[in-house]
Amino acid sequence: MREILRVENLSKSFGKFKAVDNVSFNLRELEITALIGPNGAGKTTLVNLVTKKLKPDQGRILFMGRDITNLNSYQITRLGIVRTFQIVNLFPTLTVYENLKVAALGSKTNNKEIEMIMSELRLDKYKDVKVMNVSFGVQKLVELAMALLLKPKLLILDEPAAGLPREDRKNLMRILKEIGEKITLLVIEHDMEFVFELAQRIMVMNRGKIIADGKPDDIINNSIVREIYLGES
Amino acid sequence: MNKFLRDINIITILILGILLGLISLTGDRFYLYISSLFMIYSLYALSYNLLYGYAKLLSFGHGMFFATGAYITGLFTLRIFKDPLIGLLVSIISTIPFALLIGYITLRHTKVYFAILTLALSMFVYAILIKWRDVTGGSDGLVGIPKKGVIVDISSPQLNYLFILIFFVLSSLTLYLFINSSRGLLIKALVNEERLLFTGHNVLVIRLYAFMISGVVAALSGSLYAIFMSVITPDIAYWTFSAEPLIMTLLGGSDYYLGPLLGVAIYVSLTTALARFAEYWMLFLGITMIAIIISFRGGVLGALILIATRLKDKRLKTSK
């Protein structure tokens, strides 16, 4: 599989606290990778650095061979790195359709594709409802639909299953598995059941560093990971 | 905003246009004067609300665009080419680069920093108008701005009124259609700038676009004002004049396209009705503003819509 993203020696500190400490990794095309780790491990900060929500202190990011370290968030999005947020981040006063339209305008996608994605994700009936008036589960789907309308090459999902009821999680799992056949996915998630069912590769972060990286079976048997997660020594 | 409401807005503007047109038939100078001011200030407030209500930018310097429109029209018609229509068009076109320049300087900042920068630049324009006496007439301003020109003659009060009415209706409709276009949607999406960035949009460019359109419409209202009054003074660039559309917008309701129009109607009516008690009028306005901000964040229009919705719900419940 071809390499799509390469991160080299990325670091970010907040005062004396090293949130991301000299991290290097790469992502391969059409691989579903999960990024896991305890709270405060630096997962979201790492994603924020890759998508330029935060500026790295040092390091380099290459996307499909191109150095994107000095690009802005909107330029990175236009290149095909699209993300969702840990806390749902939408345009609350706009309708579901208008939210999707804003995303479609960002990638010059036509209205037909908006209708198609709305139908695929069963958002049709909420079309004219303001996003602030729909349920949390629907908001999560709107965020996913927006991400898809941006035609990502790499889709980064920050805790997509968090707060979703069991039925919605099942639905999300099905959708992500389908998406994963066409788009490279990087998923941050705390729900281990969800992660091990979805991911083909797992990276584990702790205290700003990647401490393990491999297939789910390797990770589950990794003694350091077990120690961090289960307190086993 | 759903299609029905969109239609309501268009229908309201058209009905308002017809009603204002009927006023011209009365020939009553007082009504023509009040209605003209209503239309000019409405355009000024609508342009302001594009920034405040839609782009979420609080400006304290909007008067500089009103003044730019007024002074360019005044200077052009007095010194270069005597025609109000051409003067108005020149002021609109000239405002585009001016608004882009001001926007480029100010829009890299948001919230209070943006507000203070616009205030400072507005006062800079005011200082130029006061000090550059040879050109601007200083504190005396420009006098005798012509209504009769080579192409257009609007020297009669009715014709002048119709001239303002045409621009009022056309501009209100155009601005409304713009807000409901794809570009307008991106301006509305400025409610969450971070999300907008992560949907591949350059936020600065969208802000600049909103700022330019808003500046141009404000310049149009300033130009109409200059032609209507025939006299302009630097007061229209002073920061207090920049605060007026904010007051009008808050009064009417910044969440609604027609909110500022209602705000202007209330503002103009109050200033006229309370003119006799001039010394108390600001006190009355202050009390009204406090009441609205504490009780009706959506302005008078927001309160009316809320009452109408509650009455409708009540009726539905009783019919069940």
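This is a predicted model: local features need pLDDT of at least 70, side-chain atom pairs count only at pLDDT 80 or more; totals for chains, interfaces and linings use all residues.

Reply: Let's start in chain B with helix H3, residues 63-80, and helix H4, residues 84-106, whose axes come within 8 Å and cross at roughly 135°. An angle over 145° would count as roughly antiparallel, and H3(B) is therefore oblique to H4(B). As for handedness, the crossing of H3(B) and H4(B) is right-handed.

Which residues do the touching? On the H3(B) side you'll find Phe65(B), Thr68(B), Gly69(B), Ile72(B), Thr73(B), Phe76(B) and Thr77(B). Across from them, H4(B) brings in Pro84(B), Gly87(B), Leu88(B), Val90(B), Ser91(B), Ser94(B), Thr95(B), Phe98(B) and Ala99(B). Sort the residues of this contact by class and you get eight nonpolar, eight polar and no charged.

Now for the other pair. Helix H11 of chain B (residues 239-252) packs on helix H12 of chain B (residues 259-273) at an angle of about 110°, and their axes are 6 Å apart. Angles from 65 to 115 degrees count as roughly perpendicular, so that's the label for H11(B) and H12(B). From H11(B), the residues in this contact are Ile247(B), Met248(B), Thr249(B), Leu250(B), Leu251(B) and Gly252(B). They meet Gly259(B), Pro260(B), Leu261(B), Leu262(B), Gly263(B), Val264(B), Ile266(B) and Tyr267(B) in H12(B). By class, the H11(B)–H12(B) contact has 10 nonpolar and four polar residues, with no charged ones.

Chain B also touches chain A, in a contact that takes 16 residues from chain B and 20 residues from chain A. On the chain B side, the elements giving two or more residues are helix H8 (182-188) and helix H9 (193-197). H8(B) gives the most, with four residues.

Along the principal axes, the C-alpha atoms of chain A fill a box of roughly 50 × 40 × 35 Å. Buried residues make up 44% of the 233 in chain A. If you take the contacts in chain A with a separation of 6 or more, 67% come from residues 24 or more positions apart.

Definitions and conventions. Residues are numbered from 1 along each chain as its sequence is written. Chains are lettered from A and ligands numbered from 1 in the order in which they are written. Axes are lines fitted to C-alpha atoms, for helices over the stretch in contact, and angles run from 0 to 180 degrees between N-to-C directions. Angles under 35 degrees count as roughly parallel, over 145 as roughly antiparallel, 65 to 115 as roughly perpendicular and the rest as oblique. A crossing is left-handed if the near helix is turned anticlockwise from the far one by less than a right angle, and right-handed if clockwise. Two residues are in contact if their C-beta atoms, placed from the backbone, lie within 7 Å. Ala, Val, Leu, Ile, Met, Phe, Trp, Tyr, Cys and Pro count as nonpolar, Asp, Glu, Lys and Arg as charged, and the others, Gly among them, as polar. A residue is buried if 20 or more other C-beta atoms lie within 10 Å of its own, exposed if 12 or fewer, and partly exposed in between; C-beta atoms are placed from the backbone.
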